[in-house]
Amino acid sequence: MSALNLSSNIKRQINKYDFKDVGEIRCRNEAQTKVLLIEPFLTDILGYDIRTEVILEYDADFGDRTSKKVDYAITVNSNKPIILIEAKKYGEPIGDRHAGQLNNYFVNTPSAKIGILTNGIIYKFYLTSSFNHNILHPVPFLTFDVTDYSDSELEAVCKFHRRVIEPNILQAESDEKVFAGLFEKAFYEELCSPSDELLKSILTRIDSSQRLMPKMRERLLSLVNPFSVKGVSDRLFEDSSSGNTGIETTDEETKAYHFIKALLIQTKKFDSSRISFKDFKGHLNVICDDRSRNVICSLYFNSGNKRILIAGVEYELDTIEDIFKHKKDLISNAKTLML
C-alpha cells in the first residue's frame with residue numbers, strides 16, 4: 001500500500017469512529033477509555049492485532065518485582081516489546097509528569113524504542129535516544145489529536161502503522177530532530193552572548209595580527225546584533241540558492257512547474273512573468289518575483305515517489321495531475337507572497 005493510500009485509509013477509519021462522542025458519553029474512567037478509545041485506535045487505525053501483538057499490563061519492572069506495569073506493550077515481528085503505551089482516562093490532561101512515568105518503563109525494557117502517552121484523544125509519540133539508550137527524548141516526536149489534525153500530522157502518524165513501521169529509522173529521525181533543536185538553541189544563545197572564542201575567530205578572519213583587547217571586544221560585541229545576523233543570513237541564503245551548477249531539471253519537474261503556473265494564472269490575479277523556479281539537488285522550488293525566499297511550493301520528485309510541499313505541509317502525489325487537488329492551497333500561499 002502506498003503512503004498516500006495508507007494515509008487515506010487511516011483518515012477514513014478515523015472518520016468512521018466518533019472518538020469524541022464515545023469519550024464524552026461512555027468513558028468515565030481509564031478502563032473504559034482503554035477499551036472504547038485506545039484499543040480501537042491501535043487496531044483499526046494503526047493496524048496492530050490485539051490478540052497476538054498487543055500485551056496488556058506488561059511487566060516493565062526488574063526481576064521478581066511487579067510494581068511497574070505499563071498499560072500496553074506492542075511487539076512487531078518479535079516477542080520483545082517495541083512500543084510501550086501509558087494510558088490515562090478520557091479528558092485527563094497529559095503532560096511532562098505522565099511522560100516521566102512512561103519513561104520509567106523503558107529502563108528495564110531495552111528492546112522498546114517508541115513510547116506513546118494518550119488519553120484516548122491525544123496521542124503523544126516519543127522515541128528513545130540512540131545515544132542515551134532507554135531514555136525517551138523529553139519532547140514528543142509527534143502529537144496527534146484524532147479530532148483535530150493536519151495533513152502533515154496524518155502523514156506522520158502513518159509512520160507508526162503496523163505495515164510500514166521502522167523503529168530504527170524513526171529513532172534516527174527523532175535524534176536528528178532533537179539535535180537540530182539543540183543546535184538552534186545553542187546557536188541562539190551564542191549569538192545572544194558571544195563567547196571570546198567566537199569573537200577571536202571573527203577577529204582572526206578580519207586581521208590575524210589583532211588581539212582581543214577589551215576595546216576591540218566591545219567593538220565586536222556591538223556588531224553582533226539582529227541586523228548583522230539577518231544580513232549574514234540573507235547572504236547565506238542567496239549563496240545557497242544560486243548554487244545550481246550541474247543540476248538538471250527533469251521533464252517531470254518541468255511539466256509540474258508549468259502545470260502549477262497554469263493553475264495560478266487561471267485565477268487572473270497573478271502575472272505569469274512573476275512566477276519562475278529554482279532547481280536544487282533533491283527538489284525544485286516554484287518562486288515568485290525571482291526571490292529565493294518567496295517559495296510558492298517545493299517539488300520533491302525521485303524514483304517512484306512524488307511530493308509537494310506547500311506552506312510547510314507535505315502531500316504525496318501519485319501523478320502530476322494530482323497537484324490539482326491542492327489548487328486552493330497553492331493559490332492561498334501565492335496570495336500571501338504576490339498580492
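The count of salt bridges comes to 14, a salt bridge being a side-chain nitrogen of Lys or Arg within 4 Å of a carboxyl oxygen of Asp or Glu. The model is predicted: local features need pLDDT of at least 70, side-chain atom pairs count only at pLDDT 80 or more, and totals for chains, interfaces and linings use all residues. Residues are numbered from 1 along each chain as its sequence is written, and side-chain values use heavy atoms, with hydrogens and water left out.

| Salt bridge | N to O distance |
|---|---|
| Lys34 and Asp71 | 3.2 Å |
| Lys159 and Glu173 | 2.8 Å |
| Arg274 and Asp289 | 2.7 Å |

Helices (H or I, at least four residues) and strands (E, at least two) are DSSP runs, numbered from the N terminus. Lys34 is buried at a relative accessible area of 12%, and Asp71 is buried at 5%. Buried means under 20% relative accessible area, exposed over 50%, and partly exposed in between (1.4 Å probe, protein chains only).

Lys159 lies in the loop between H5 and H6 and Glu173 in helix H6, so this pair ties together parts 14 residues apart in sequence. Lys159 is partly exposed, at 34%, and Glu173 is partly exposed, at 31%.

Arg274 is in the loop between helix H10 (251-265) and strand E7 (275-280), and Asp289 is in the loop between strand E8 (283-288) and strand E9 (295-302). Arg274 is partly exposed, with a relative accessible area of 25%; for Asp289, also partly exposed, the value is 34%. Salt bridges that share partners join Lys34, Glu57 and Asp71 into one network.

The aromatic pairs number 7. Rings of Phe, Tyr and Trp (its six-membered ring) pair if their centres lie within 6.5 Å; planes under 30 degrees apart count as stacked, over 60 as edge-to-face and the rest as tilted. Phe125 and Phe160 form a tilted pair, 4.4 Å centre to centre with 35° between the planes. Phe125 lies in strand E5 (residues 122-127) and Phe160 in the loop between helix H5 (151-158) and helix H6 (167-192), so the pair ties together parts 35 residues apart in sequence. The centres of Phe141 and Phe160 are 6.1 Å apart and their planes are at 70°, so this pair is edge-to-face. Both Phe141 and Phe160 are buried, and Phe125 is buried as well. Phe125, Phe141 and Phe160 form one aromatic cluster.
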